[in-house]
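Please keep the sequence and the model in view while reading.

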Amino acid sequence: MTDRNSNWRNLALALLGLALITVAQPMQAQTVTPTASAAKEEQLLSTMKQIDGRISIPDQKASVLMQPAGQEWRKVHNTTMFWVGAVSILGMMLALTLFYTIRGRIMIDSGPSDRTILRFNGFERFVHWLTASCFIVLALSGLNVSFGKYLLLPLLGADSFSALSQLAKYAHNFLAFPFIIGLVFMFLVWVKDNIPEGGDLDWLKAGGGLMGKGHHPPAKKFNAGQKIIFWVVIGGGTVLSVTGLMLLFPFTGTVIADMQLGQTVHGILSGLIIAVMMAHIYIGSVGMEGAIDAMNTGEVDLNWAREHHSLWVEEVEAQEREADHKAKSVAAE
Amino acid sequence: MARMKFLCDADRCIECNACVTACKNEHEVPWGINRRRVVTINDGKPGERSVSMACMHCTDAPCQAVCPVDCFLTTADGVVLHSKDLCIGCGYCFYACPFGAPQYPKTGNFGSRGKMDKCTYCAGGPEADNSPEEYAKYGANRLAQGKLPICAEMCSTKALLAGDSEMIATIYKERVLKRGYGSGAWGWKVAYRETIAV
């Protein structure tokens with residue numbers, strides 16, 4: 001009797017429990033909204049630069065769901081980088097043209113002499129031209145990436161322009177390595193003559209003697225202007241090399257934000273460096289009589305050297321006298 | 001004229017990856033490239049959501065704006081296509097794309113990424129519709145056959161919608177109103193500068 005009673009009680013309790021569950025379930029569905037705790041795009045983007053998640057395909061970099069920073073990169077690439085490059089290069093062309101029309105070619109004031117003096121040995125010239133020839137191809141192929149579609153594409157047509165750009169891209173990627181080697185050698189060969197000194201300030205104050213004829217501030221092997229060029233090439237070239245390598249090896253120790261920053265720095269800096277190098281090319285060729293010889297045969301006119309690098313000529317002559325003296329004293333013994 | 005878009009209803013996506021598989025199969029996408037992928041956010045935590053993502057075929061597409069050889073074209077339906085003949089594999093579209101859509105067959109090989117590959121909205125490329133050349137480079141052109149992208153057509157929960165912007169937005173709005181919640185049209189603000197207000 002008691003057994004039967006307890007059985008009935010258990011059954012009643014079970015039914016009551018079941019009834020409670022069935023009543024509770026629809027109530028729960030009405031009060032809980034899955035969105036309340038759900039991941040929300042706007043919220044995620046306001047707290048983070050990109051939305052990352054987990055992905056089940058092997059390509060783990062695809063786990064970045066969204067990176068709106070790409071649109072920022074686009075803006076910088078298509079406006080800032082474009083205008084910095086265009087203005088600095090066209091501005092430098094204009095400045096050099098104006099300088100040429102006003103000042104003309106800088107001649108050797110005392111006229112060419114019949115004697116020359118060795119300014120750069122074979123290795124120095126090799127290093128210069130290795131870096132220079134790579135730089136010219138790198139600059140032109142780089143400019144093609146930024147400005148080619150506006151300047152060359154309408155002239156060549158889509159197919160030819162694409163083929164040219166493909167070649168330019170390979171040239172850009174592979175010549176980067178000899179360029180870097182050239183930079184390293186250039187640094188090693190010339191750093192000792194490019195340490196800034198007090199005399200450089202005087203040279204700069206005199207405007208390098210660029211504007212007035214017959215006035216040449218004293219300078220050693222490299223004047224302050226050349227030292228600036230040297231450090232622009234070494235410093236800028238190093239930054240271009242590092243950022244360039246980041247782009248050559250995508251996702252090698254970098255994420256997309258690093259590559260975007262790297263490209264921005266690479267593009268803007270190279271526009272500025274190209275402008276600086278245009279001035280260097282001008283003054284080393286058409287802009288000054290006798291300057292090209294330094295990198296052509298390595299032998300420069302003595303009068304040119306006395307005017308532009310007076311202290312260096314004195315140094316060299318002092319060394320020669322000393323060597324002569326030693327040789328004579330050796331012969332006398 | 002229709003404006004073709006994708007819409008992923010993350011509250012329906014069950015991360016089955018069938019869209020990923022169907023896409024790879026339909027277009028014979030090479031090994032290592034996934035034109036579509038499913039990313040799970042807050043994995044294993046409350047509020048976990050999975051989103052199926054591919055090229056969103058943006059309005060004023062960033063890839064098109066930065067391409068140095070101008071290899072992109074936006075069709076009258078708003079589908080962003082590109083020419084693998086013109087592409088030089090520079091990687092710029094990948095830097096600019098907010099959705100990580102452009103991919104390259106040889107990412108690790110410096111200087112030669114190869115031709116960029118991305119979702120074509122099942123609309124092929126600039127070649128003649130459904131020609132063998134088009135298939136080899138871009139895969140099937142379902143749009144030219146009057147079909148929608150395979151990923152959305154076979155989605156088991158119909159989380160992934162493809163079609164005219166207004167039509168899929170209406171479907172999504174109805175769903176949100178009926179069930180009372182919705183975590184939003186993922187990527188729409190970035191890709192199309194609009195969201196679906198419910």
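Strand E1 of chain B is covered on both faces: B:Met4, B:Phe6 and B:Cys8 on one side, and B:Lys5 and B:Leu7 on the other, are all buried. A residue is called buried if 20 or more other C-beta atoms lie within 10 Å of its own, exposed if 12 or fewer do, and partly exposed in between, with C-beta atoms placed from the backbone. Since 5 of the 5 residues of E1(B), residues 4–8, are buried, the strand is largely enclosed by the rest of the structure. The names of helices (H or I, at least four residues) and strands (E, at least two) refer to DSSP runs, numbered from the N terminus.

This is a predicted model, in which local features need pLDDT of at least 70 and side-chain atom pairs count only at pLDDT 80 or more, while totals for chains, interfaces and linings use all residues. Residues are numbered from 1 along each chain as its sequence is written, and chains are lettered from A and ligands numbered from 1 in the order in which they are written. Here pLDDT is the predictor's confidence in each residue, from 0 to 100. Chain B averages a pLDDT of 94, and 97% of the residues score at least 70. For the complex, the predictor gives an ipTM of 0.93 and a pTM of 0.88.

Which strand pairs with E1(B)? The partner is strand E6 of chain B, residues 160–164, which pairs with E1(B) in the antiparallel sense over 5 bridges. Two strands are said to pair if DSSP finds at least two bridges between them. Within E6(B), B:Leu160 is the bridge partner of B:Cys8. Two residues are in contact if their C-beta atoms, placed from the backbone, lie within 7 Å. Leaving aside neighbours within four places in sequence, B:Cys8 is in contact with B:Cys13, B:Val51, B:Ser52, B:Ala159, B:Leu160 and B:Trp186.

B:Cys8 also belongs to the largest nonpolar core, which has 78 residues; B:Cys8, B:Val51, B:Cys63, B:Cys93 and B:Leu160 touch the most other members. The largest share of this core, 5 residues, comes from H3(B). A second, separate core of 14 residues includes A:Phe135, A:Leu183, A:Val233 and A:Ile274. A nonpolar core is a set of buried Ala, Val, Leu, Ile, Met, Phe, Trp, Tyr and Cys residues joined through C-beta atoms within 7 Å.

H8(A) covers residues 224–248, has 25 residues and reaches 35 Å from its first C-alpha to its last, close to the 36 Å expected at 1.5 Å a residue. The expected span is 1.5 Å times one less than the number of residues.

Another helix of chain A, H4, holds A:Asn144. Is this residue buried or exposed? A:Asn144 is buried, because 23 other C-beta atoms lie within 10 Å. Not counting residues up to four places away in sequence, A:Asn144 touches A:Leu152, A:Ser165 and A:Ala168.

The two chains meet where 49 residues of chain A are in contact with 44 residues of chain B. Several elements of chain A each supply at least two residues of the side that touches chain B, including strand E2 (54–55), helix H4 (122–151) and helix H6 (158–190). H6(A) gives the most to this side, with 9 residues. By class, the side of chain A that touches chain B has 24 nonpolar, 18 polar and 7 charged residues. In this count Ala, Val, Leu, Ile, Met, Phe, Trp, Tyr, Cys and Pro are nonpolar, Asp, Glu, Lys and Arg are charged, and the others, Gly among them, are polar.

Strands from both chains also pair. E2(A) and strand E2 of chain B, residues 37–41, run antiparallel and are joined by 2 bridges. A:Ile55 stands opposite B:Val39 in E2(B). The 3 strands of the open sheet follow the order E2(A)-E2(B)-E3(B), with antiparallel pairing. Its edge strands are E2 of chain A and strand E3 (49–53) of chain B, each of which pairs on one side only.

Finally, B:Cys122 has a positive phi of about 55° although it is not a glycine. B:Cys122 is found in the loop between helix H3 (92–96) and helix H4 (132–138) of chain B.
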